[in-house]
There are 4 protein chains.
Amino acid sequence: MTTEPLNVGILGYRFMGKAHSNALARLPMFFPNAPDVNRDVIVGRNEEALADAADRFDFDRTATDWQDVVDDVDVFYNLGPNHLHHEPSVAALEAGTPVFCEKPLAPTLNEAEEMAQAADDADVTAGCAFNYRFVPAIQYAKKLVDEGKLGEIHHVRGRYLQDWLVDPDVPWSWRNDTELAGSGALGDLGAHTLDLARFVVGQATGPMERVSGHLQTFVNERPTTDGEEMRSVTVDDAYSAQIEFENGAMGTFEATRFGTGHKNDHTVEIQGSKGGLRFSLERLNELEVLRSDSRGYETVLVTDEDDPYLDHWWPPGHVLGWEHTFVHENYEFLSAIAGDSEFAPSFEDGVRVQQILDAIQRSDDLGQWVTV
Amino acid sequence: MTTEPLNVGILGYRFMGKAHSNALARLPMFFPNAPDVNRDVIVGRNEEALADAADRFDFDRTATDWQDVVDDVDVFYNLGPNHLHHEPSVAALEAGTPVFCEKPLAPTLNEAEEMAQAADDADVTAGCAFNYRFVPAIQYAKKLVDEGKLGEIHHVRGRYLQDWLVDPDVPWSWRNDTELAGSGALGDLGAHTLDLARFVVGQATGPMERVSGHLQTFVNERPTTDGEEMRSVTVDDAYSAQIEFENGAMGTFEATRFGTGHKNDHTVEIQGSKGGLRFSLERLNELEVLRSDSRGYETVLVTDEDDPYLDHWWPPGHVLGWEHTFVHENYEFLSAIAGDSEFAPSFEDGVRVQQILDAIQRSDDLGQWVTV
Amino acid sequence: MTTEPLNVGILGYRFMGKAHSNALARLPMFFPNAPDVNRDVIVGRNEEALADAADRFDFDRTATDWQDVVDDVDVFYNLGPNHLHHEPSVAALEAGTPVFCEKPLAPTLNEAEEMAQAADDADVTAGCAFNYRFVPAIQYAKKLVDEGKLGEIHHVRGRYLQDWLVDPDVPWSWRNDTELAGSGALGDLGAHTLDLARFVVGQATGPMERVSGHLQTFVNERPTTDGEEMRSVTVDDAYSAQIEFENGAMGTFEATRFGTGHKNDHTVEIQGSKGGLRFSLERLNELEVLRSDSRGYETVLVTDEDDPYLDHWWPPGHVLGWEHTFVHENYEFLSAIAGDSEFAPSFEDGVRVQQILDAIQRSDDLGQWVTV
Amino acid sequence: MTTEPLNVGILGYRFMGKAHSNALARLPMFFPNAPDVNRDVIVGRNEEALADAADRFDFDRTATDWQDVVDDVDVFYNLGPNHLHHEPSVAALEAGTPVFCEKPLAPTLNEAEEMAQAADDADVTAGCAFNYRFVPAIQYAKKLVDEGKLGEIHHVRGRYLQDWLVDPDVPWSWRNDTELAGSGALGDLGAHTLDLARFVVGQATGPMERVSGHLQTFVNERPTTDGEEMRSVTVDDAYSAQIEFENGAMGTFEATRFGTGHKNDHTVEIQGSKGGLRFSLERLNELEVLRSDSRGYETVLVTDEDDPYLDHWWPPGHVLGWEHTFVHENYEFLSAIAGDSEFAPSFEDGVRVQQILDAIQRSDDLGQWVTV
């Protein structure tokens, strides 16, 4: 166990910067055995915004060049847009600094593999931020599957519906560009679902082996924020995929940014020979469980004291929110660094997901099934 | 309007025989303007079972050879297993007798096309029994789509989960045989879903154009009923499909007989640029509707007096059951015969669905997308 | 077992007349061992409407005076408004004719008691039409309670929400008049709920002992149908009640005709030391069950072959509707007559409910708890 | 606006101490315009537990006598058990120190009134901790009612089900003692529900005027924690109440600690002449809304940027948890102190609720309706 606080540097101060800063700030009160952390430096380009973020997120200092930071901190959080994942992460790893990188790991499989190789070479902890693994209900779900409570797995379904692009006047952003993002709904939302599926059923089904993918772009160009010009949308607005697992289980997956009325509707369903599970992120405290001796799905409020992480929080029925997943994730990640133990999801997990993303894109290009 | 009662002959006296007999029996009390019907003759092979069925379903007589019946009745209902759909239906049509045939129209596309051709040549009413079109909530859904309430359609999802084959000891039946059934979950369940999708959104999306299919058989042989031998399962236990509609909408479809805990869980979901819909057969009196000016799905109990068919039944909130779809379907079919008007779903609709089933099977064989 | 068909006469040809006629018509096909029934005579005042009803409901003849009918039929169904329950029912019983009477048994407790006395004196079957006892999910619920699966019962909740009087322009009817109806939502809706509670938990809780009631009328006069005059509403638009059972269990009950947006929303909830139950009439195929070894309510689709009455109908998941409760009810009632066995709910059950209705009204008058 | 940080002292370091400490800790990052707070001193009796709490909750110091604290801090949080609400709160107020006190305000109406009088005399901010007012969905609900979207209110229902006392072996605690707690489920849970009802519909219905109450104790004695002796339970395990509002609306309320399977199931339902609302605490991000132009309840995810407080947190669909209500509550309370503005719920609101609790108890004693 390290006794000195870990100096943390983060690249990115928007949505993910806020989510992780909050998680770090909450650890001492709720996870007193987590390693001490010093929120050291926050990295970005816009000095004014950066200063403001450092103030609100309570970081000691700011930096505009990540190269000055990556070997100067104990942990480097890469929370920037996808095209900034590779270079700073690899540099940090080469400097021997543990890295926590947002998902998807990279815009392309090739970059992701280089990142995982760098982590392997450096032999330091490298985590990929699939935070939904840390929903208590999801960990409870995985436990049920691993214990064989669902029997042989036959069906896995995952989908992630958002609606923020339905309006064609929503401005273009880096998320609509293939160079900057790699893909659209596929990498942004699908990466989450595919990782969750791997996490929850992977031990029972074996890996995903074959894939048939479908990408679609409903609106082909969007105005810039200033409304002055139109810019091409070069990524998918939605994807779907059929997947065959090693054990023969059938997977059906999809995500969209055109899911009118759905804000953050991420669902996973599993059916096995003995039972079934249903999870919905918008009701993340609940898991619907079909047991082998029951007649229907049981709505379990996964907030009991012996549920994953719940003893750290509130009495049963006092529900958690989305942000708690980041607290659990950071707790595990920092504890792994401090204790020199394994952390999952690792960069290797990030690559596994990227292989499936890549296979889905290849399949869509070729119009045929491809092996992962 | 015919004034003589229509003499009806039905082939098949099991599940579907009961469902249609019940529907015919209920018309006079609830649909007094339906044509009069005489339940004339019931056709089958087992004379004892047949006599019992004729007694319970209140038919005048029985016959063991459909050839004696098809030109001797005013309407012929083909409610037998799939491999018996073609020959008797064509014979009836050639005799100028209107035909109502259970779904899927035939085991193969070729046979289905011949049946539709026969209906066309004979120029008599030929209906395909996609009864779920006649759920009031489904007709209300179609109306909303046709009126443009959902805007441009982007996503269509349909799935049909049953669980009666999960146990590998469930005996082999004709439904497990490719010669007798054509396909498994695909034709039995998928045909319903694909027809519903065509019915509800077809006018807005245009036809389904491209398909990527996946079939899977989880249990490859099953015992005969007497337990004496094992017989091969030569159809799918489950299918999934990705479909692209003419307007670019994405469809994802699946069905299974391995949906543990799901008895008759047939759901359809649609999202358009202005709204959305969700339907579940196990709660068939309800439709979830997302309207353009609302913030979430509204659970509509489709039992008001001005909802489709509801003025024939009970006051609002006094819910209907599964069997009512058959009453509505028979009412429309018989009224079309009596009034010499069009009936849909027709054999042509049956063929359209069969083309998609066929495309899904071809796609699965080839491992690539195929055009419908 | 009688071998001659039972000649049935019914008083009333509107909503309940239709519901029972339909039930009688459906027995032969689905309950072949039910006694044969001849729909003999339908009684009412408006000859034209009567003739039309006889035609649609397939009765042999009509009559405008119930006195000519009550001793001329084998079974007398009293389906008229509440103030017509007493005299014809008593006359029929005195003539030795079994009677089936709609609920509530009478406008007043006194009349109800006289009716039960008449049934007792005549020693013939006298049934009170609490049809919701015959929902399969309700019988399954009662079985769970009787088997002790819920343990000691602590809480019973029942409520029945309709909304057809929210609009103050809805015309006055006999249901708004204390002379003709006895009470409003209390007797019309509350009677159902209180009977259900007695039926499902009565064996475990013992009788309802003390009551505190509250009646409210929100709109005090309504236009006549022709809009010519306003007439006073002399019954409750809504009631609520707190009830203490013999075993100390707490009951809370209410019903309203001002439940905006609720059409026929009748729910019952029970919690015991080991488990719980929830039922909703608008989803009558389902029962939510909390078992002693489970973590949450399980949604059971009560449509399996071994569920109450389900072997008579369709395969699992092919849901029943509201009207099926009448088929089950008539099956049991007619079988009791034919087999000379007990039928429940009897007139005695009708009196028990009436005692509670009466206690709720007295409590509201007095402003204090009263014993039942 | 004060520029110096407010020195906060809290009495109580268990559940509520943790909830408020967390809230204070989170304000700077999410509510940057909240007054600065210094977590100064934490008060309790057990020095070891206190030191540990001060460490985890990040307070500067501890104290074992509240009398040393109440005039030494800028704000005093009284988070102790009910019987400790009166004396320290009054002392603080008399010292001119703003007080935030947990609910119910006091074990008796008399004490509550004295506390409100003290607040009035001192003319400093005195808040009562009805945190559920600060659920965004609840504030959205109130807005809809206040805007008249529901029309004239007819029905208000509230209930709060927990199950932590079902097992008779659960040890006795101060919550089971009338001297220490005042009442049981009534004051602990019912106080929340009654305040919520007042908050959401009070402007439309006017005050609660008449009450009929029912208290029940299912288990009359419980073992002490060490198991050495049995101690009497002198409060209710459950209550129910019927309430009449000034405008004639009917209220039905209940709460229990014997709600098997229900952890923190707090629900409120409202029906007016034009619409309705349903809220459940276990799904606190959602509000079900029946609008005047809709056909059913719409499930609104109250997480949009323009929903109450949501612009401080995460993008739409990234749900909040139970604890966020405390952050909002503390933000408003501290802002009121700093800005010298009104804060509600005040001690006066606490008294209003206490009057109803008192009326329910009196009604139960007398067996009759009482006026509030």
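1. Helices here are DSSP runs of H or I with at least four residues, numbered from the N terminus. With that in mind, B:Asp340 lies in the loop between H8 and H9 of chain B. B:Asp340 is not a glycine, yet has a positive phi of about 55°. Please keep in mind throughout that this is a predicted model.

2. The loop between H8 and H9 of chain B also holds B:Pro345. The peptide bond leading from B:Ala344 to B:Pro345 is cis, and its omega is near 5°. In chain C, the bond from C:Ala344 to C:Pro345 is cis too, with omega near 5°. C:Pro345 sits in the loop that runs between helix H8 (324–339) and helix H9 (347–366) of chain C.

3. Next come pairs of helices. Two packed helices are described by the angle between their axes and by the distance between the axes. In chain B, helix H1 (residues 15–30) and helix H8 (residues 324–339) have axes that come within 8 Å and cross at roughly 65°. Angles of 65 to 115 degrees count as roughly perpendicular, and H1(B) and H8(B) are therefore roughly perpendicular to each other. The crossing of H1(B) past H8(B) is right-handed.

4. Which residues make the contact of H1(B) and H8(B)? From H1(B) they are B:Met16, B:Ala19, B:His20, B:Ala23, B:Leu24, B:Arg26 and B:Leu27. From H8(B) they are B:His324, B:Phe326, B:Val327, B:Glu329, B:Asn330, B:Tyr331 and B:Leu334. By class, the residues of this contact are 9 nonpolar, 3 polar and 2 charged.

5. A second pair joins two chains. The axes of helix H1 (residues 15–30) of chain A and helix H1 (residues 15–30) of chain D come within 11 Å and cross at roughly 150°. Angles over 145 degrees count as roughly antiparallel, so H1(A) is roughly antiparallel to H1(D). H1(A) and H1(D) cross in a right-handed way.

6. In the contact of H1(A) with H1(D), H1(A) contributes A:Lys18, A:Ser21, A:Asn22, A:Ala25, A:Arg26, A:Met29 and A:Phe30. H1(D) contributes D:Lys18, D:Ser21, D:Asn22, D:Ala25, D:Arg26, D:Met29 and D:Phe30. The residues of this contact divide into 6 nonpolar, 4 polar and 4 charged.

7. How is chain C related to chain B? Chain C is superposed on chain B by a rotation of 180° with 0.0 Å of shift along the axis, and the RMSD is 0.0 Å. The two copies are thus related as by a two-fold rotation axis. C:Gly321 is the residue of chain C that comes closest to the rotation axis, with its C-alpha at 2.0 Å. Of the interface residues of chain C, 100% are also interface residues in chain B, so the copies meet through the same surface.

8. Chain A can be laid on chain B by a turn of 180° and a shift of 0.0 Å along the axis, with an RMSD of 0.0 Å. Among the residues of chain A, A:Gln368 comes closest to the rotation axis, at 1.9 Å for its C-alpha. Here too, 100% of the interface residues of chain A are interface residues in chain B, so the copies meet through the same surface.

9. Finally, the record. An unreviewed UniProt entry lists "domain: Gfo/Idh/MocA-like oxidoreductase N-terminal" at residues 6–126 of chain A. That span is 41% helix and 20% strand, and its end C-alpha atoms lie 15 Å apart. UniProt, again in an unreviewed entry, places "domain: GFO/IDH/MocA-like oxidoreductase" at residues 138–278 of chain A. Residues 138–278 of chain A are 24% helix and 35% strand, with end C-alpha atoms 10 Å apart.

Key: Residues numbered from 1 in each chain as written. Chains lettered and ligands numbered in written order. Predicted model: local features only at pLDDT ≥ 70, side-chain atom pairs only at ≥ 80, totals over all residues. Heavy atoms only, no water. Axes fitted to C-alpha atoms, helices over the stretch in contact; angles between N-to-C directions. Helix = DSSP H or I, 4+ residues; strand = E, 2+ residues; numbered from the N terminus. Parallel < 35°, antiparallel > 145°, perpendicular 65-115°, else oblique. Left-handed = near helix turned anticlockwise from the far one by under 90°. Contact = heavy atoms within 4.5 Å. Nonpolar A, V, L, I, M, F, W, Y, C, P; charged D, E, K, R; others polar. UniProt positions renumbered as here; feature names shortened; annotations may be inferred. Least-squares fit on C-alpha atoms with pLDDT ≥ 70 in both.
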